[in-house]
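Let's take a walk through this protein, one piece at a time. Have the sequence and the 3D view ready.

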Amino acid sequence: MKRISVLGTLVLAGALTVAVAAQQPAPQPSVDNLTVEKVKDNLWVIRGGGGNTAVFATAKGVTVVDTKNPGWGQALLDKIKTITDKPITTVINTHTHYDHVSGNITMPSSVEIIAHENTARRMPLFSTVTGRGESENVFKANPGKGLAKRTFKDKLTIGTGADQINLYYFGPAHTGGDAFVEFPALHVLHAGDVFARKGVPLIDADNGGSGVQFASTIRKAIAGVKNVDTIINGHTPAQTTPAEMREFADFVTDFVAHVQAAKKAGKTAAEAIKTWTAPAKYKDYAAPDATQATAWAQVIMDETK
Ligand SMILES: [Zn+2]
């Protein structure tokens with residue numbers, strides 16, 4: 001017993017040393033590091049390896065919303081095979097970030113890839129994310145592969161009846177090309193990273209995002225997409241509700257007002273973040289990383305005349 005425990009400790013210590021040496025504490029791409037959760041009939045969420053992926057099985061085939069981090073495409077394909085035998089026909093990208101698009105290059109060439117026109121334009125170009133810095137772009141290393149060929153401006157409907165999907169653009173927020181993806185027959189909306197999690201939002205001005213317009217974009221989505229009861233978020237560990245998205249819009253409004261008041265008082269973005277605490281009514285809201293949030297507060301200040 002003791003022998004096994006010592007051996008186990010040594011193996012664990014060795015694994016940790018390797019992980020630290022390679023500076024890769026994050027889980028490695030593997031089908032076992034992805035989890036599946038059924039949302040409704042014919043709709044699942046696959047978590048891990050980047051943003052939350054929606055998998056929607058239709059009569060004609062499978063539609064996948066977002067395709068995870070660089071290196072995770074094959075693991076995602078393998079995980080989808082554990083859900084359905086149907087072929088993947090369509091990929092939708094909610095926005096241009098590497099943790100939502102990189103698996104595109106692993107998809108069969110027959111798959112139609114759809115994104116907002118601004119996201120389709122940025123996908124081959126993006127190189128930085130505001131507050132996060134350098135960003136891996138798999139499309140530069142794989143020219144011509146995995147790019148969105150079908151685009152939309154304000155709204156696009158694909159399929160009919162039980163298989164219908166509506167894509168909407170309501171203005172800049174997290175980026176300048178955020179798509180909301182509605183599954184109307186199921187009353188489900190994938191909000192991508194416009195509502196990634198409960199906390200200070202990432203405002204990626206490098207890719208067209210806007211802090212000042214962020215909350216109104218969320219409210220346009222709430223008003224414009226009716227009969228939703230379940231929201232799939234960019235990164236949360238569980239689905240949220242429209243009421244929680246409404247509360248998030250209020251949170252963003254309060255955060256932006258705080259930063260704008262700080263600017264008016266002659267304070268810097270760093271000072272604005274230092275003096276920010278979420279009002280107590282926002283339960284379960286995470287405190288932001290100060291360095292990143294300072295960059296996002298700076299975006300708000302730059303947008304505020
Ligand atoms: Zn993102």
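Start with the metal: along the sequence, the residues that donate to the zinc ion follow the spacing H-x1-H-x76-H-x18-D. Those protein donors are His95 (NE2), His97 (ND1), His174 (NE2) and Asp193 (OD), lying 2.2 Å from the zinc ion. A donor here is an N, O or S atom within 2.8 Å of the metal (3.2 Å for Na, K and Ca), and water is not among the atoms, so sites may look incomplete. Histidine 97 sits in the loop between β5 (88–92) and α3 (98–101), and aspartate 193 in the loop between β13 (188–192) and α6 (214–224), so this pair ties together parts that are 96 residues apart in sequence. Helices (H or I, at least four residues) and strands (E, at least two) are DSSP runs, numbered from the N terminus.

Before going on, a word on the model: it is predicted, so local features need pLDDT of at least 70 and side-chain atom pairs count only at pLDDT 80 or more, while totals for chains, interfaces and linings use all residues. Residues are numbered from 1 along each chain as its sequence is written, and side-chain values use heavy atoms, with hydrogens and water left out.

Back to the zinc ion: its 4 donor atoms make angles of 85 to 172°, and the site is irregular.

Buried means under 20% relative accessible area, exposed over 50%, and partly exposed in between (1.4 Å probe, protein chains only).

Now for a sheet. Its 5 strands run in the order β10-β11-β12-β13-β14, forming an open sheet with mixed pairing. At the edges are β10 (155–158) and β14 (230–233), each pairing on one side only. Two strands pair if DSSP finds at least two bridges between them.

| Strands | Sense | Bridges |
|---|---|---|
| β10 and β11 | antiparallel | 4 bridges |
| β11 and β12 | antiparallel | 3 bridges |
| β13 and β14 | parallel | 4 bridges |

Asparagine 166 is a handy landmark: threonine 157 stands opposite this residue of β11, and its bridge partner in β12 is glutamate 182. In β11 (residues 165–168), Ile165 and Leu167 point one way, Asn166 and Tyr168 the other way, and all are buried. β10 and β11 form a hairpin with 6 residues between them, and glycine 159 in the turn has a positive phi of about 75°.

Finally, look at the nonpolar cores. A core is a set of buried Ala, Val, Leu, Ile, Met, Phe, Trp, Tyr and Cys residues joined through side-chain atoms within 4.5 Å. The largest has 40 residues, and Phe180, Phe214 and Phe248 are among those with the most contacts inside it. β13, α6, α7, α8 (269–274) and α9 (290–303) each give two or more residues to this core, and α7 gives the most, with 9 residues. Another core, of 26 residues, lies apart from it and includes Trp44 and Phe126.

Terms used: Four donors count as tetrahedral if all angles lie between 85 and 135 degrees; four count as square planar and six as octahedral if opposite donors are over 155 degrees apart and all others between 65 and 115; anything else is irregular.
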